[in-house]
Amino acid sequence: MGKDEVVEYSGVLLVSCRSPRRWEKGFEADRSAWRTRYLLCEPRCESLCRGLLLWLLRVEPAGRWLALSCQNGSVGPKPKKKGKSKKEKEAKLKAEALLRAQQEEAERLERERLYREHLEKLEAKYQAERESELAELNSLEQKFLSAQQWKRDYREQAKWEHYLSCDGTPDPTEPQEINTFMSLWRDEQDEDVQLVMEKEEVVLNLIEKLEFLLLEASPEEITDKQKDQYQEVILQLQDLLHQKYNDATQNLLKIASMYEDSETGNMHTVLKDKNITFCIWANLKKKARFKDHMFQEAGHGFELPISLALSSVAVRMLHTHYDHVSPLWVQCQGLPRQEASDSMELAEHPEDTGQGPGEEEEEKGREEPSMPAAEETGSKERKESSASLKETSNNTDDFIKETEEETEKNSDILDAPSQEEDALLQEEPGGREEAPQVVDLEQLVPVGGVYHISALRLPPQAQDVGDWTMVELLDVGLEVYPYSPGEAEDGTQEAVQITLRLPDNVIYFKVPMVARWDPAGQQWRTDGISKITYEAEEKSITFSMSAFHTVALLQDAHLNLPYQAWEWHPTGVDEGLFTVTAVFATIQIQIKDNQCMLSSVVVEEEEVLSHITGKWMSPLALRAALKRAGVNIFPAEYSPKYVPVPRKAALAEVKAYEQMALLAAAFAFAHSKWNGEAGPEQVVFKVSEHLTASSAKGNNWSLFMFSGEKVQHLKLTETSETFSEELEEESEFHSTLYHMLKDSASNKAMDKVDRAGFLFIDSVYQLLLATRVLAYS
């Protein structure tokens, strides 16, 4: 190769020159034909080579020139005999490092190109197989429809068997039967408290049947007219039951002198069963030193102002372990309704404030339950509070559309409230700083029932006159004592002090909030209650009230959210164990066929709620029992406002629950820490084939990401440093989780999946849907 020449030899570009300027001019003219070639020159032209490389990188895009080396020792200046200078060595090291970086970048780009080509091939295969996979999945999803049909047949069979039994209890769905039942009971006179308590069990069962029917039945089973009818019957039964306790209280007070205490001369008694605790005290002697009383059998007590201690008054503390005071939507909240739609999506509606469309009608709220005159029309006045319960029949497509719109607006994690009090209470519109505080019933819910605390006028007592017993009869019913608080000697307002024993079958994870019921506004308030003292060990709470009210102990409905972890493991044929680790408790629920059983609730390493542990019941009944016990792990449609978790699209979430339920007979599922990193459109969870006790132990878990339309096996692990959507080697895209797991699962596992019973699958789906573990963990 001669002077100042550029030639190509065996596919390699050889460069030889003496003058860089002259060479650059020649290179400028012909460089378009020399791309991606090797540039070589002899070692003594090192400065020229370095200059050429920098120039080439400047005029050409990065990564075009692959290497730089030297050849042809006859060209260039003669090398110096002594070693290279420090600057020359550093320059050489920099050049080599730059070359290595360029090589690595080129290799990276090549890998990305190959990976893109691989993904394109997988995408093409996914699209080609999509229809056949969805068709096969659709045949499996028929099990959901089979479960819905079985439930309808079961309800019809139960209805027929009840008709044949002739046990005297009415069918609450038959207007003639339930109206006759209520009419006959309403006409019964001279009932005592014990008889009402016996009838109460029947009434509560009738109410529960109607509530579950409203929540579980598909739109094809009941019409809107029937829904209105069932809600009206629920309200009428609730009011009639309380009215009967008022009548029994009046009958007892008429003969209070027959049960006077030998020590105090006053009358007091306690009656209780699993549904109610009835405490009553009659001030027969009217002595100031007997102004307080503690019902030892119940743990409830009171202290009256002096003015009341000297009056003809009776105090009743009626603790109903159920809540028939709050609006109907509060009593039934958190129990999502099942829809037998093609996609079996989540039946949920976004904005449920508990106020029905009839709120603007000129109806007054139900009066205080201790005021009998108001209770006669209570069911009509409360009808508006149940209107929102009808919203549970919203169709699934509307929910998905609304949820996805909310997801776009709320993809970021919600900010936690700055002050707990601000989150729990709402100030009345137009109110000042001293305005009464209204409880936000979407966040705080009554737990442990309702305490009806009443001051009643003591009716005339029987007197013995010779051989006669005479009593003045007043046809006025049970009267509320007209008490208005005065001022004490120190100038402060007189108050009634109340002590309540918290029920043993309820868990309060934090200090409960005491609220009073406002019958006019149909809402719970915290004003009028002061000096609250909570004794955790004694399980009691003491407070003062300016008047007598119906009160409840409220707890944050979301204090156990978000979940810390969750797992599902099959344990036998159509059996499995679902474990949820919440903020304050660990809950284990066993499923077998169409039944659920609470295996354990552990709080601070101690098992609690033994009264409902180990009992088989329907998924709906179990949810209701846990909520009544204060363990609420069932988010409502408005829960995202109060729980700081990223939103998840309904399509991805619900489809995942469906397909997890279909595979639950042979596969274990669990929480992944990467679920929150996957974005709102996709969910991530762990899966492991589970045929033996140790199947899902250790490192057998695999991570899958699901968008509702596409599943992919991730190379990611729980110990990875950052989230990545890179596919596991030799894995493919699939339209369903069923086909994704089928690629690597054993024949025995897939056979077990195919043979799983539809009632078991439906029960697993209901539990996943109710807890929404993919959205709240």
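Is F667 buried or exposed? At 3% relative accessibility, F667 counts as buried; buried means under 20% relative accessible area, exposed over 50%, and partly exposed in between, using a 1.4 Å probe and protein chains only.

Before looking further, note that this is a predicted model, in which local features need pLDDT of at least 70, side-chain atom pairs count only at pLDDT 80 or more, and totals for chains, interfaces and linings use all residues. Residues are numbered from 1 along each chain as its sequence is written, and side-chain values use heavy atoms, leaving out hydrogens and water.

**The whole chain**

The chain has 17 helices and 31 strands. Here helices (H or I, at least four residues) and strands (E, at least two) are DSSP runs, numbered from the N terminus. Of the 777 residues, 51% count as buried. Among contacts between residues at least 6 apart in sequence, 69% join residues at least 24 apart, where contact means heavy atoms within 4.5 Å.

**Back to F667**

F667 lies in strand β28, which covers residues 667–671. Leaving aside neighbours within four places in sequence, F667 is in contact with several residues, including W568, P570, V687, L741 and M750.

**Two helix pairs**

Now let us see how some helices meet. Axes are lines fitted to C-alpha atoms, for helices over the stretch in contact, and angles run from 0 to 180 degrees between N-to-C directions. A crossing is left-handed if the near helix is turned anticlockwise from the far one by less than a right angle, and right-handed if clockwise.

| Helix pair | Axes come within | Crossing angle | Handedness |
|---|---|---|---|
| α4 (residues 175–187) and α6 (residues 224–254) | 11 Å | roughly 15 degrees | left-handed |
| α14 (residues 650–663) and α17 | 8 Å | roughly 145 degrees | right-handed |

Helices α4 and α6 are therefore roughly parallel to each other; angles under 35 degrees count as roughly parallel, over 145 as roughly antiparallel, 65 to 115 as roughly perpendicular and the rest as oblique. Their contact involves I178, F181 and W185 among the residues of α4, and V233, L237 and L240 among those of α6. The residues of this contact divide into 9 nonpolar, 2 polar and 2 charged. In this sorting, Ala, Val, Leu, Ile, Met, Phe, Trp, Tyr, Cys and Pro count as nonpolar, Asp, Glu, Lys and Arg as charged, and the others, Gly among them, as polar.

Where α14 meets α17, the contact includes V654, Y657 and E658 of α14, together with I761, V764 and L768 of α17. This contact has 10 nonpolar residues, no polar ones and 1 charged.

Just after α17, R772 takes a positive phi of about 50 degrees.

Helix α13 (residues 619–628) is mostly covered too, with 9 of its 10 residues buried. Those buried residues pack against α5, β24, β25, β27 and α17. After α13 comes G630, whose phi is positive, near 90 degrees.

Finally, V643 sits in the loop between α13 and α14. With 1% relative accessibility, V643 counts as buried. The C-alpha atoms of V643 and N560 are separated by 9.7 Å, and these residues are 83 apart along the chain.
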